[in-house]
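Hello,

Here is the structure I promised to hand over. Please open it in your viewer and keep it beside you while you read the notes below.

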Amino acid sequence: MALLDNHYLTVETESPSYPVAVTEQPVEKGINLIDHVQAQARTLALSGIIAGPDAAKVRAYILSVKDKGQVIKYVGRNAFTGLITAFDTTHDYAHANGMTFTMELREVRVATTAYAETLPPPVKAQVVPIVNSGTKQTKSNKKAGGSKKKSGSGKKEKEKPPKVTFKAGSKWGGS
């Protein structure tokens, strides 16, 4: 008896696989050089029988988990956590209240986000209050040697631009 997320299965064979990917470099004589080995996702092939009054419910559960891509936990002769990548059933006369099945499980690694739902409270800078800011220079209203004249109302008069004169006989000159 084996358990697949607390559902009983009668598993006849378990075939775990531990593949690796290798990179090869060809050489002139002899076998190729292998310079890198990387582990691949492990798999577990199962075959057995689903039988009993709940066989249809177990089959429906396995199909729904497979279609949703939900991570499952299998415990039999081997323990395995992963996804169901293949599930096949055979309904024949030998199993009146069940079916035979083959299934393949594949190891997965799920990434998590770095998103934080709440941000930490803002950090307040610890600043010492300014006690003495030093002596400040004030602006004076007196201008040293200004050539502009002031009127009695306190407003500055605008300097008028010089008048432009044109030569006699030019098209801009007066007649």
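**What I found**

Just after helix 1, Gly69 has a positive phi of about 75°. Please keep in mind that this is a predicted model.

Let's stay with helix 1 for a moment. It runs through residues 55–68, and at 1.5 Å a residue its 14 residues should span 20 Å; the C-alpha atoms at its ends are 20 Å apart, so the two values agree.

Which residues of helix 1 are buried? They are Ala55, Val58, Ile62 and Val65. These residues cover an arc of only 95° around the axis, so they sit on the same side of helix 1. That buried group packs against strand 1 (2–4), strand 2, strand 5 (43–51), strand 6 (72–75), strand 7 (79–90) and strand 8 (98–106). On the face turned away from the buried side you will find the exposed residues Ala56, Lys57, Asp67 and Lys68.

Now for charged side chains. In general, side chains of opposite charge can pair when their charged atoms come close. How many salt bridges does a search of the whole structure find? The search finds 1. The side chains of Lys66 and Asp67 form a salt bridge, with a distance of 3.0 Å from N to O. Lys66 is partly exposed, with a relative accessible area of 26%, while Asp67 counts as exposed at 59%.

Glu14, in strand 2 (residues 7–17), is worth a visit too. Glu14 is buried but has no salt bridge. The nearest side chain of opposite charge belongs to Arg77, 5.8 Å away, and a salt bridge needs the two atoms within 4 Å. What does the side chain of Glu14 meet in a polar contact of 2.5 Å? The partner is the side chain of Tyr74. Leaving out residues up to four places away in sequence, Glu14 touches Leu44, Ala45, Leu46, Tyr74, Gly76, Arg77 and Asn78.

Finally, have a look at the backbone in one loop. Most residues other than glycine have a negative phi. Asp5 is not a glycine, yet its phi is positive, at about 50°. Asp5 lies in the loop between strand 1 and strand 2. Asn6 is placed in the loop between strand 1 and strand 2 as well, and its phi is also positive, near 65°. With 67% relative accessibility, Asn6 counts as exposed.

Happy exploring, and write back with any questions!

Terms used:
Residues numbered from 1 in each chain as written. Predicted model: local features only at pLDDT ≥ 70, side-chain atom pairs only at ≥ 80, totals over all residues. Heavy atoms only, no water. Helix = DSSP H or I, 4+ residues; strand = E, 2+ residues; numbered from the N terminus. Buried < 20%, exposed > 50% of the residue type's maximum accessible area, 1.4 Å probe, protein only. Lys, Arg positive; Asp, Glu negative; His and termini not counted. Polar contact = N/O pair within 3.5 Å; in protein donor to acceptor, adjacent residues only side chain to side chain. Contact = heavy atoms within 4.5 Å. Expected span 1.5 Å × (residues − 1). Arc of directions from axis to C-beta.
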